[in-house]
Amino acid sequence: MSNPILEIQKLSKFFGRVVAALNINLTFEPGVLTSIIGPNGAGKSTLINMLSGSLSPDSGRIVFEGREITHLPVHRRVQLGLCRSFQVVNVFPQLSAFDNVQIPVLAMQNRARRFLRPVAGEESVHREVEDILDRIGLGGEKSHATASALSHGDQRVLEVGIALAARPRILFLDEPTAGMNPVERVRILENIKTLSKEGRTTFVIVEHDMDIVFSLSERIIVLHHGVVIGDGTTEEIKSNPKVREVYLGEEVSE
Ligand code: ADP
Ligand code: MG
């Protein structure tokens with residue numbers, strides 16, 4: 001078995017009397033496309049915020065690739081390869097898709113250059129930007145369009161591209177299909193599936209749409225009142241009595 005990419009040990013977070021996370025233990029294996037689901041207020045965002053570093057846990061440990069990161073700030077986690085995207089669109093609207101991806105690629109390569117070799121040409125930057133745009137389906141003509149001219153769905157896809165520029169080892173996507181029409185949804189999901197299969201980045205997604213979750217995920221984690229009440233494959237989650245009772249209710253019918 002491969003080493004876990006991320007381990008969460010007894011992670012807890014309280015907001016006054018609200019239990020947002022209670023003794024959460026989870027292990028993430030590399031390459032397993034995972035969804036985190038649960039009703040509103042279940043603690044999904046709290047968990048992602050603690051993992052990405054924007055929220056400090058009250059207790060517990062977070063270990064990323066064997067290294068404790070529980071109290072590391074966001075930018076240090078990004079440097080190590082633990083990244084997230086947000087629920088709202090976060091691109092430079094006046095810049096082209098190419099330039100939106102080029103900015104973080106340049107930042108990455110500049111940093112690498114300081115440590116590795118003094119001369120790395122413009123060409124390698126361009127190659128990497130084009131590679132990312134191709135992988136997310138925004139290559140060719142679309143790469144020259146200003147971001148604001150892209151459809152909402154393409155803008156969300158572009159965000160994934162921007163996140164990929166940091167070469168994340170693990171990437172948390174917060175409702176990547178929010179605000180998308182069904183056609184766009186299918187596209188971004190196919191994209192995420194393909195990117196996941198490439199094996200460079202492990203994807204963990206917070207998603208509301210159960211059809212999407214069931215068709216996309218290799219593993220589903222169900223939260224309720226800050227506690228993990230289900231963890232398994234689509235089939236296991238569909239037949240988990242606790243999940244059916246507190247969350248899915250009548251929605252799950254075969
Ligand atoms: P989800 O993302 O699953 O909808 P959240 O993680 O946002 O759930 O919230 C979990 C619980 O913690 C909810 O009861 C929510 O009201 C509470 N909560 C989240 N963030 C804060 C905060 N900054 N201050 C107070 N309560 C919060
Ligand atoms: Mg939330």
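These are my notebook entries on a predicted model, taken one topic at a time.

**The sheet.** I began with the strands, and I found four of them forming an open sheet in the order β2-β1-β4-β5, with antiparallel pairing. I noted that β2 and β5 (67-68) are the edge strands, since each pairs on one side only. I then looked up how β1 and β2 are joined, and I counted seven bridges between strand β1 (residues 6-15) and β2, which run antiparallel. One bridge that I wrote down by residue links F14 to its partner V19 in β2.

**The helix on the sheet.** I next turned to helix α1 (residues 44-52), which packs on the sheet and touches β1, β2 and β4 (59-64). I recorded that the direction of α1 makes about 120 degrees with that of β1.

**Positive phi values.** Which residues other than glycine have a positive phi? I noted N23, with phi near 50 degrees, and H225, also with phi near 50 degrees. N23 is placed in strand β2 (residues 18-28), whereas H225 lies in the loop between β9 (219-224) and β10 (227-232).

**Rings and charges.** How many aromatic pairs does a search of the whole structure find? I searched and found zero. I did find charges over rings: the charged end of R219 sits over the ring of F28, 5.2 Å from its centre, and the charged end of K238 sits over the ring of F214, 4.9 Å from its centre.

Methods. Residues are numbered from 1 along each chain as its sequence is written. Chains are lettered from A and ligands numbered from 1 in the order in which they are written. This is a predicted model: local features need pLDDT of at least 70, side-chain atom pairs count only at pLDDT 80 or more; totals for chains, interfaces and linings use all residues. Side-chain values use heavy atoms; hydrogens and water are left out. Helices (H or I, at least four residues) and strands (E, at least two) are DSSP runs, numbered from the N terminus. Rings of Phe, Tyr and Trp (its six-membered ring) pair if their centres lie within 6.5 Å; planes under 30 degrees apart count as stacked, over 60 as edge-to-face and the rest as tilted. A charge sits over a ring if NZ of Lys or CZ of Arg is within 6 Å of the ring centre and within 35 degrees of the ring normal. Two strands pair if DSSP finds at least two bridges between them. Contact means heavy atoms within 4.5 Å. Axes are lines fitted to C-alpha atoms, for helices over the stretch in contact, and angles run from 0 to 180 degrees between N-to-C directions.
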